[in-house]
Amino acid sequence: MKLVQDGVIGKIKEVHTWSSKAWGDTGAKPDRVDPIPDGFNWDLWLGVCAERPFIGQGFYHPGNWRKRLDFGTGTFGDMGCHIYDPVFQALALTAPLSVRSEGAAPNEHSWATDAICHYVFPGTAFTEGKTVAVTWYDGKQRPPAEIQKLAIDPDVDANDKENKLPDQGSIFIGTNGVMVLPHIGMPRLRLEAKGHPFEKVAGEDHWHQFINAARGEGRTSANFDYAGPLTEAVLLGSVASHFPHQELNWDAATLKFTNVEAANQYVRRAYRQGWEI
C-alpha cells in the first residue's frame, strides 16, 4: 500500500490479479443420500440454507463446500478477499461502477472454474484516470501475454523463480513502472526511474489487533467499515458469473444492478423458516 500511495510506480493505470485455485465443479451432483454421522448436527450446519439430504465425504466435506452455490463463493469469493485486499486498500477503492464476467456460468449446484472478471472502479488520488480497471483470473486463466511480460525482468536469469509470474498475486501497472505482488510474498518492482529510497513499514499481528479491539483498544485494520465494501466488491464478481459476457452496472447506494434486473435476485438470499433475520 505504501509503495503505491507514495507513487513509486506512478499513478496506477490498471491492475490484474489472479489465483490458480479452482473451487468449482462442473460434474453431476451425487445421486445418493448418506447417513448423518453421530454427533453431527446437519440442520445447524445448513444454517440459513434450504433443507436437503446429507451427502458425506467428497461433496460437501472436508472442504468442497467452497464449490457449492449455497455454501461457498467459488475461487473468487474464497481467495478474492485476500488477493484483492492490497489492491483495494492501496488504491483506496470504493464500490465498483460495473462488473463483467467472461467465464462460464455456475450450474445448478456449483460454481464454475477458470473465471475472468472485469471490474471498473471510480478513479482515486492514486489512479491515472477517472476510472481504473481491475481484472480477476482464476484456475487456468491468467492475464494476457503482454501483461505477463511486464512481470519479467529481462536483466534477471529467466530460470530464477523470483522472476516468474507467481502462482497467485497481482500486477499493478503504473505510469512509471510495474509492481508484481505475489500472494504471499514481498513486492517486486520494475521501475523506469531507479534509486527510489524505500522505507520499511512495521507490521502488526492481526491476532493481537483482534484481541485488542475486543478489549476496546483501537480496532482492526480489516474493520467492518473497510471489510464490508471489500467483500461487497468481491461478491459482485460471483453474481456477475451468472450472466457471462454481460456488463452489470452497480449502484452501491441502493444495492442494486441498474441495467440487468435479473441479477438483483442474487444480491440477497431467502433464509429458510426459523433462520430469518
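A disulfide is a pair of cysteine sulfur atoms within 2.5 Å. By that cut-off, this structure holds 0 disulfides. The sulfur of Cys81 is 15 Å from the closest cysteine sulfur, which belongs to Cys117, and that is too far for a bond. Cys117, too, is in no disulfide, with the sulfur of Cys81 as its nearest cysteine sulfur.

The model is predicted: local features need pLDDT of at least 70, side-chain atom pairs count only at pLDDT 80 or more, and totals for chains, interfaces and linings use all residues. Residues are numbered from 1 along each chain as its sequence is written, and side-chain values use heavy atoms, with hydrogens and water left out.

Next comes the setting of the two cysteines. Buried means under 20% relative accessible area, exposed means over 50%, and partly exposed lies in between (1.4 Å probe, protein chains only). Cys117 has a relative accessible area of 3%, so this residue is buried. Cys81 is at 29% relative accessibility and therefore counts as partly exposed.

Now turn to the rings. Rings of Phe, Tyr and Trp (its six-membered ring) pair if their centres lie within 6.5 Å; planes under 30 degrees apart count as stacked, over 60 as edge-to-face and the rest as tilted. The whole structure has 19 aromatic pairs. One of them joins Trp42 and Trp45: the ring centres are 5.3 Å apart and the planes meet at 10°, so this pair is stacked. Helices (H or I, at least four residues) and strands (E, at least two) are DSSP runs, numbered from the N terminus. Both tryptophans lie in helix α2 (residues 42–46), 3 residues apart, about one turn of the helix. Trp42 is buried, at 7% relative accessible area. Trp45 is partly exposed, at 27%.

Phe76 and Tyr119 form an edge-to-face pair, with 6.0 Å between centres and 70° between planes. Phe76 sits in helix α3 (residues 74–90) and Tyr119 in strand β3 (residues 116–122), so the pair ties together parts that are 43 residues apart in sequence. Phe76 and Tyr119 are both buried.

Ring pairs also build a cluster. Its members are Phe40, Trp42, Trp45, Phe54, Phe59, Tyr60 and Phe71.

Arginines complete the picture. A charge sits over a ring if NZ of Lys or CZ of Arg is within 6 Å of the ring centre and within 35 degrees of the ring normal. Arg68 lies over the face of Phe59, at 3.7 Å from the ring centre. Arg66 lies over the face of Trp23, at 5.1 Å from the ring centre.
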